[in-house]
Amino acid sequence: MLAAGMTGYGERSVTKELTAEQRKSGTLQVFATPAMIELIEETAWKSVAGELENGCVTVGTSLNVKHLAATPVGMKAVCRTKLLTVDGRRLVFEVEVEDEVQKIGEGTHERFVVQAEKFQAKADAKLK
């Protein structure tokens, strides 16, 4: 059962493939903002996946995140999420990301619970 207060944890080693240069979000060899966002989304959806009804998944709909500090290749990034709000199908998470030295990201992330097959079919219908 989905309930406010549920938490999630995810981590990722920062590799060259996760840098701003490789992700085309900049030119430096530091943890890319898009890679941080991926870590946030993955941590959030996994934190609630086991509590969803059969056939349901969550989809990201909104992010309000600040990337506060750079993390070099070789360090680890850790994400923690906390489910703040369950409003019908709408879920709002508080998110924080740290490296081995300091907080590097913070904000909120919104997801919606959807029926996977119905959602996919609606998206695929755009191809017809």
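# Notebook: salt bridges and folds

**Entry 1. A first pair.** I began with Lys76, which forms a salt bridge with Glu11; their closest N and O atoms are 3.9 Å apart. Lys76 lies in strand β3 (residues 76-87) and Glu11 in strand β1 (residues 7-13), so this pair ties together parts that are 65 residues apart in sequence. I noted that the model I am reading is a predicted one.

I then looked up how open the two partners are. Lys76 has 30% relative accessibility and counts as partly exposed. Glu11 is partly exposed too, with a relative accessible area of 41%.

**Entry 2. The chain as a whole.** Next I stepped back to see where these strands belong. How many helices and strands are in the chain? I found three helices and five strands. Reading along the sequence, I wrote down the pattern β-α-α-β-β-β-β-α.

I also noted the extent of the chain: along its principal axes, the C-alpha trace spans about 40 × 40 × 20 Å. The chain has 128 residues, and buried ones make up 34% of them. Its accessible surface comes to about 7,700 Å². Carbon and sulfur atoms hold 51% of that surface.

Then I checked the contacts. Of those with a separation of 6 or more, 64% are between residues 24 or more positions apart. The Lys76 and Glu11 pair, 65 residues apart in sequence, had already shown me a link of that kind.

**Entry 3. Charges.** I looked up the charged side chains and found 17 positive and 18 negative ones in the chain. The centres of the two sets lie 5 Å apart. I reminded myself that side chains of opposite charge can pair when their charged atoms come close. How many salt bridges does the count come to? It comes to ten.

**Entry 4. A second pair.** I picked Arg80 and Glu98, whose side chains meet in a salt bridge at 3.5 Å, N to O. Arg80 is partly exposed at 43% relative accessibility, and Glu98 is partly exposed at 29%.

I stayed with Glu98 for a while. Which residues does Glu98 touch, leaving aside its neighbours within four places in sequence? My list reads Lys76, Ala77, Val78, Arg80, Lys103 and Ile104. I was pleased to meet Arg80 again there, the salt-bridge partner of Glu98.

Entry 5. Lys103 was on the contact list of Glu98, and I looked it up next. Lys103 forms a salt bridge with Glu106, and the closest N and O atoms are 2.9 Å apart. Lys103 is partly exposed, with a relative accessible area of 31%. Glu106 is also partly exposed, at 27%. Elsewhere I found a network: Arg12, Glu42 and Lys46 are joined by salt bridges that share partners.

**Entry 6. Two loops.** Val101 lies in the loop between β4 and β5 (103-115). Is Val101 buried or exposed? At 65% relative accessibility, over the 50% cut-off, Val101 counts as exposed. The C-alpha atoms of Val101 and Lys76 are separated by 9.6 Å, and these residues are 25 apart along the chain.

My other loop residue was Lys24, placed between α1 (20-23) and α2 (33-49). Its phi is near 65 degrees, a positive value in a residue other than glycine. Lys24 is exposed, with a relative accessible area of 71%.

**Entry 7. Cysteines.** Last, I looked for disulfides. A disulfide is a covalent bond between the sulfur atoms of two cysteines. How many does a search of the whole structure find? The search finds zero. I looked up two cysteines anyway. Cys56 counts as buried at 16% relative accessibility, under the 20% cut-off. Cys79 is buried as well, with a value of 0%.

Terms used: Residues are numbered from 1 along each chain as its sequence is written. This is a predicted model: local features need pLDDT of at least 70, side-chain atom pairs count only at pLDDT 80 or more; totals for chains, interfaces and linings use all residues. Side-chain values use heavy atoms; hydrogens and water are left out. Helices (H or I, at least four residues) and strands (E, at least two) are DSSP runs, numbered from the N terminus. Buried means under 20% relative accessible area, exposed over 50%, partly exposed in between (1.4 Å probe, protein chains only). Contact means heavy atoms within 4.5 Å. Accessible areas come from the Shrake-Rupley method with a 1.4 Å probe; for residues, only the protein chains shown count as cover. Lys and Arg count as positive and Asp and Glu as negative; His and the chain ends are not counted. The place of a charge is taken as NZ of Lys, CZ of Arg, CG of Asp or CD of Glu. A salt bridge is a side-chain nitrogen of Lys or Arg within 4 Å of a carboxyl oxygen of Asp or Glu. A disulfide is a pair of cysteine sulfur atoms within 2.5 Å.
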